[in-house]
Amino acid sequence: MIKVGLLGAGRIAGVHATAISNNPGSELSAVSDYFPENAEKLAEQFRSVARTTDEIIADPAINAVLIATSTDTHSELIEAATAAGKAVLCEKPVDLSLERARACRDNAMQHGQPIMIGFNRRFDPNFKAMKTALDAGEIGKSELLSITSFDPAPPPVAYIKVSGGLFRDMMIHDFDMATFMMGEAPVSIMAVGSSVVDSEIGEAGDVDTAAVTMTYADGRIAVIKNSRRAVYGYDQRVELLGSEGLLQAQNMLENTVVKSTTAGVTGAKPTYFFLERYMPAYAAEWSAFVEAVNAGSALPVSLDDGITALAMAEAATKSAKTGQPVMLADV
Ligand SMILES: NC(=O)c1ccc[n+]([C@@H]2O[C@H](COP(=O)([O-])OP(=O)(O)OC[C@H]3O[C@@H](n4cnc5c(N)ncnc54)[C@H](O)[C@@H]3O)[C@@H](O)[C@H]2O)c1
């Protein structure tokens with residue numbers, strides 16, 4: 001039984017508290033938050049206890065921490081938890097600064113503890129099935145990947161200002177999905193972005209609409225499209241063209257009813273947002289972590305995967321600013 005300390009008691013922490021409590025191999029030992037009342041509320045909901053972050057990290061009876069705090073605390077908490085001998089699952093991104101994330105890796109890896117980054121979409125049953133089919137050779141060699149990832153509505157501008165920008169905060173999931181599907185990182189990245197959804201996002205120095213083209217060493221190509229607004233719901237599709245066929249993962253819909261009348265053919269909207277779409281993925285992500293930690297085997301998503309995705313975000317941010325392609329090796 002893994003005894004877990006949950007650091008952070010905000011929006012995504014509630015999802016993780018459910019996964020930890022529902023998994024027969026883990027127990028939610030304690031919850032912390034910068035605001036103690038948040039920790040108390042979540043702890044009460046899951047019959048756990050609220051403690052401070054420092055107390056959780058210092059407690060030798062706690063074997064693992066799940067870091068679901070604000071992004072600017074991730075590197076520091078990964079370092080502290082691994083130094084205290086704990087296994088870590090940390091939410092994305094590793095940091096907002098690539099330099100700081102690399103320093104965190106150099107520091108934390110010395111302690112030899114398992115560290116996994118929360119790229120939950122790798123555990124989505126649809127994307128996982130695509131990857132399994134690809135690895136089994138069912139569409140031959142992958143050649144052209146296309147990822148569509150649109151949020152239903154933009155977050156408040158106050159959030160945008162501290163988010164690190166669309167490429168680090170939102171597209172980071174798609175950068176990791178590209179690495180997952182293509183089996184390696186690209187060599188060059190070309191990005192464009194603009195604020196056509198909300199001019200205030202532009203005034204805050206960020207973009208809300210972006211497209212990225214990535215080229216791999218052997219000439220393969222990946223394209224990612226992001227928008228902070230799709231009025232019909234959370235649009236999450238992946239398409240992969242291979243030498244012997246095509247794999248497509250479509251949206252999860254609110255229901256499967258299709259209405260056909262003389263007016264046309266209509267169906268349900270996609271599920272609203274990540275909490276609706278990815279609940280099974282968050283549970284599967286946690287199970288994979290528990291299994292690997294118990295077995296002492298390699299984690300399915302590493303700290304290096306987190307750093308690769310952050311480097312891709314850094315390259316895309318630079319490319320969108322300069323209008324020039326950026327080599328991944330140069331960031
Ligand atoms: N994988 C996903 O799908 C997904 C989805 C949402 C958020 N996230 C990531 O999860 C993280 C949290 O996002 P959120 O939306 O839950 O934010 P949030 O603001 O709702 O929650 C973050 C919480 O962390 C607390 N906190 C800050 N510093 C702390 C510390 N040192 N110790 C304990 N608590 C501390 C804050 O008080 C806050 O309650 C972010 O890094 C975000 O990028 C990932």
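Predicted model: local features only at pLDDT ≥ 70, side-chain atom pairs only at ≥ 80, totals over all residues.
Q: What makes β9 and β10 count as paired strands, and in which sense do they pair?
A: Pairing needs at least two bridges. Strand β9 (residues 209–215) and strand β10 (residues 221–227) have seven, and they run in the antiparallel sense. Within this pair, Thr213 stands opposite Val223 in β10.

Q: Why do β2 and β3 count as paired?
A: The cut-off is at least two bridges, and strand β2 (residues 26–32) pairs with β3 over two bridges, in the parallel sense. Here Val31 stands opposite Ala50 in β3.

Q: Why are β3 and β6 called edge strands of their sheet?
A: The open six-stranded sheet has the order β3-β2-β1-β4-β5-β6, with parallel pairing. Since β3 (49–50) and β6 (115–118) each have a single partner strand, one side of each is left without a neighbour in the sheet.

Q: What makes us say that helix α4 packs on this sheet?
A: Contact means C-beta atoms within 7 Å. Helix α4 (residues 74–83) touches β1 (2–7), β4 (64–67), β5 (87–91) and β6, and its direction makes about 170° with that of β5.

Q: How do you know which residues surround the ligand?
A: A residue counts if its C-beta atom, placed from the backbone, lies within 6 Å. That gives 23 residues, with Gly8, Gly10, Arg11, Tyr34 and Glu91 the closest. Helix α1 (residues 11–22) gives the most to this shell, with three residues.

Q: What is the make-up of the ligand shell by class?
A: The shell has eight nonpolar, 11 polar and four charged residues, and Gly counts as polar.

Notes: Residues numbered from 1 in each chain as written. Helix = DSSP H or I, 4+ residues; strand = E, 2+ residues; numbered from the N terminus. Contact = placed C-beta atoms within 7 Å. Axes fitted to C-alpha atoms, helices over the stretch in contact; angles between N-to-C directions.
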